[in-house]
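These are my notebook entries on a structure that I had not examined before. I record below what I looked up, entry by entry.

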Amino acid sequence: MTLGTVDQLDALLEQWPDEPAPAAVPSEPVPTMHSADGTTECALSHDTAAPAAARHVARTLLTVNGVPDHMVDSALLVTSELVTNAVEHALTPLTLHLRLEQSGNRVWIGVTDGGPAPHDGAWTTSCSQDEHGRGRAIIDTLADIHGSHTHHNGHTTHWARIAP
């Protein structure tokens with residue numbers, strides 16, 4: 001499926017089943033599924049180790065598939081920002097979704113969380129305003145398109161697409 005518009009991306013997200021809360025999240029991220037559209041999914045722990053684990057999974061997948069270094073770098077930074085935001089501002093569970101779009105050689109990154117948390121995470125509340133809050137600007141700069149989709153169960157997928 002070639003995705004070109006936000007409406008098409010929302011239609012794809014609507015097809016995903018709502019995620020049940022996992023009984024246990026593995027301490028080491030393991031890609032858990034390759035769906036029909038080529039999406040790799042990986043459950044992540046909802047803690048400060050999640051961004052590094054997500055970068056590891058993304059780097060491995062993108063490098064093995066021959067994605068150019070400049071796109072890998074952009075995808076890793078966007079992945080890190082999306083996962084960090086989920087850890088700091090959302091509830092569990094936390095799942096990374098990566099898809100290589102053959103049309104246009106693009107990388108689609110999604111992070112599904114349990115919806116907004118009632119309180120910010122420990123890092124956000126422990127630092128001054130000038131030490132955080134740059135994630136949206138980074139994603140705006142590196143992604144050709146990005147957005148969010150709220151599922152029927154209250155979980156949210158924040159996504160971005162990186163183009164060459």
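**Entry 1: Pro51 and its surroundings**

Setting aside neighbours within four places in sequence, I find Pro51 in contact with Ser80, Val83 and Thr84, where contact means heavy atoms within 4.5 Å. I note that the model is predicted, that local features need pLDDT of at least 70 and side-chain atom pairs pLDDT 80 or more, and that totals for chains, interfaces and linings use all residues. Residues are numbered from 1 along each chain as its sequence is written, and side-chain values use heavy atoms, with hydrogens and water left out.

I place Pro51 in helix α2; helices (H or I, at least four residues) and strands (E, at least two) are DSSP runs, numbered from the N terminus. Pro51 is buried at 9% relative accessibility. For this term I use under 20% relative accessible area as buried, over 50% as exposed and anything in between as partly exposed, with a 1.4 Å probe and protein chains only. The C-alpha atoms of Pro51 and Val87 lie 8.6 Å apart, although 36 residues separate the two in sequence.

**Entry 2: The chain as a whole**

I looked up the overall make-up next. The protein chain has five helices and six strands, in the order α-β-β-α-α-β-β-α-α-β-β along the sequence. Of its 164 residues, 44% count as buried. Among contacts with a separation of 6 or more, 64% join residues 24 or more positions apart.

**Entry 3: The nonpolar core**

Which residues touch the most other members of the largest nonpolar core? I find Leu44, Val83, Leu94, Leu96, Val107, Ile109 and Ile162, out of 29 residues in that core. Such a core is a set of buried Ala, Val, Leu, Ile, Met, Phe, Trp, Tyr and Cys residues joined through side-chain atoms within 4.5 Å. The elements giving two or more residues to it are β2 (40-44), α2 (50-64), α3 (69-89), β3 (94-101), β4 (106-113) and β6. Helix α3 provides the largest share, nine residues.

**Entry 4: Strands and their partners**

I then traced the strand pairs, counting two strands as paired if DSSP finds at least two bridges between them. Strand β2 is largely enclosed by the rest of the structure, because four of its five residues are buried. Five bridges join β2 to β3 in the antiparallel sense, and Ala43 has Thr95 in β3 as its bridge partner.

Strands β4 and β6 also run antiparallel, joined by seven bridges. Ile109 is the bridge partner of Ala160 in β6, and His146 stands opposite Ala160 as well. Strand β6 is mostly covered, with six of its seven residues buried.

Strand β5 (residues 145-150) pairs with β6 (residues 156-162) over six bridges, again antiparallel. Thr150 has Thr156 of β6 as its bridge partner. The two strands, β5 and β6, form a hairpin with five residues between them, and Gly154 in the turn has a positive phi of about 95°. In a regular strand, side chains alternate between the two faces of the sheet. In β5 I find Ile145, Gly147 and His149 on the covered face, and His146, Ser148 and Thr150 on the uncovered one.

**Entry 5: Single features**

Where does Pro93 lie? Pro93 is in the loop between α3 and β3, and the peptide bond from Thr92 to Pro93 is cis, with omega near 0°.

Gly135 belongs to helix α5 (residues 135-142) and is buried, at a relative accessible area of 8%.

The charged end of Arg99 sits over the ring of Trp108, 4.7 Å from its centre. I count a charge as over a ring if NZ of Lys or CZ of Arg is within 6 Å of the ring centre and within 35 degrees of the ring normal.
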